[in-house]
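Try each task first, then compare your steps with the solution.

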Amino acid sequence: MSDGARETSLDTIQRELTAFARRARAAAARLHPELPLVSYTLLAHIDDQQGCRATDLAAHYLLDKSTVSRQIAALEKLGLVERRPDPDDHRVQVLHPTDAGTRLLASTQASRLAAYEERLRDWSAEDLAAFAGYLLRYNAAGTTGFPPAPTPTPTSAPETSPGMSES
């Protein structure tokens with residue numbers, strides 16, 4: 001494959017993954033307007049793991065602890081997540097979905113599966129298997145190849161007025 005063809009393919013992949021992410025956020029907002037896609041993803045992970053710590057979520061998704069903390073607080077406020085002491089170390093809090101959180105996940109996952117089945121209904125079993133394999137391979141690559149996020153310096157940090165908070 002020539003460098004030009006490779007670059008064209010990479011541009012197409014980037015554009016289509018961006019479109020996919022936008023559709024996913026929009027679909028998540030339609031399914032539960034108070035539950036952003038990030039919160040849904042964290043709730044699903046907590047459920048898949050049958051409970052986990054907030055620090056585990058931050059490490060798994062490469063998120064800042066404060067971001068995870070805000071998302072978990074929102075999930076708790078909605079009654080979808082609860083904290084329980086770790087049976088092995090009562091100083092540690094483990095996040096678990098509530099019954100309402102489990103019901104929401106089940107209904108949302110059923111809706112999402114139906115949407116995927118509709119969108120992919122004309123694909124052959126071989127195409128579906130290849131697509132699934134490519135997604136697994138892409139996600140297994142993790143964050144390799146991405147430059148690190150820039151670290152703000154005092155000269156590039158945004159100025160805030162006294163009494164204003166950053167959000």
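**Exercise 1. Overall make-up**

What share of the 167 residues in the protein is buried?

Solution. Before counting, note that this is a predicted model, in which local features need pLDDT of at least 70 and side-chain atom pairs count only at pLDDT 80 or more, while totals for chains, interfaces and linings use all residues. Residues are numbered from 1 along each chain as its sequence is written, and side-chain values use heavy atoms, with hydrogens and water left out.

- Step 1: apply the classes, where buried means under 20% relative accessible area, exposed over 50% and partly exposed in between (1.4 Å probe, protein chains only). Buried residues then amount to 19% of the 167.
- Step 2: list the elements, taken as DSSP runs (helices: H or I, at least four residues; strands: E, at least two; numbered from the N terminus). The protein has six helices and two strands, in the order α-α-α-α-β-β-α-α from the N terminus on.
- Step 3: look at contacts (heavy atoms within 4.5 Å). Of those between residues at least 6 apart in sequence, 47% join residues at least 24 apart.

**Exercise 2. A helix pair**

Find how the axes of α2 and α4 are oriented to each other.

Solution. 

- Step 1: recall that two packed helices are described by the angle and the distance between their axes.
- Step 2: For α2 (residues 37-48) and α4 (residues 65-77), the axes come within 10 Å and cross at roughly 80°.
- Step 3: classify the angle. Under 35 degrees is roughly parallel, over 145 roughly antiparallel, 65 to 115 roughly perpendicular and the rest oblique, so α2 and α4 are roughly perpendicular to each other.
- Step 4: name the residues that meet. V38, S39, L42, L43 and I46 of α2 face Q71, I72 and L75 of α4 in contact.

**Exercise 3. A strand residue**

Solution. 

- Step 1: list its partners, leaving aside neighbours within four places in sequence. H96 is in contact with I46, Q50, G51, L80, V81, E82 and R84.

**Exercise 4. Surface features**

Which residues form a nonpolar patch on the surface, and how many salt bridges does a search of the whole structure find?

Solution. 

- Step 1: a patch takes residues with over 30% relative accessible area and no salt bridge, joining like charges within 9 Å and nonpolar side chains (Val, Leu, Ile, Met, Phe, Trp, Tyr) within 5 Å. L10, I13, L17 and Y138 form one with about 370 Å² of accessible area together.
- Step 2: helix α1 (residues 3-31) gives the largest share, three residues. Y138 lies in helix α6 (residues 125-140) and is partly exposed at 43%.
- Step 3: the search finds six salt bridges, each a side-chain nitrogen of Lys or Arg within 4 Å of a carboxyl oxygen of Asp or Glu. Among them is D56 with R53, at 2.7 Å. Another joins E118 and R121, at 2.1 Å from N to O; E118 is partly exposed at 49%, and R121 is exposed at 53%.

Technical notes
Areas by Shrake-Rupley, 256 points an atom, 1.4 Å probe, with all protein chains shown as cover. Axes fitted to C-alpha atoms, helices over the stretch in contact; angles between N-to-C directions.
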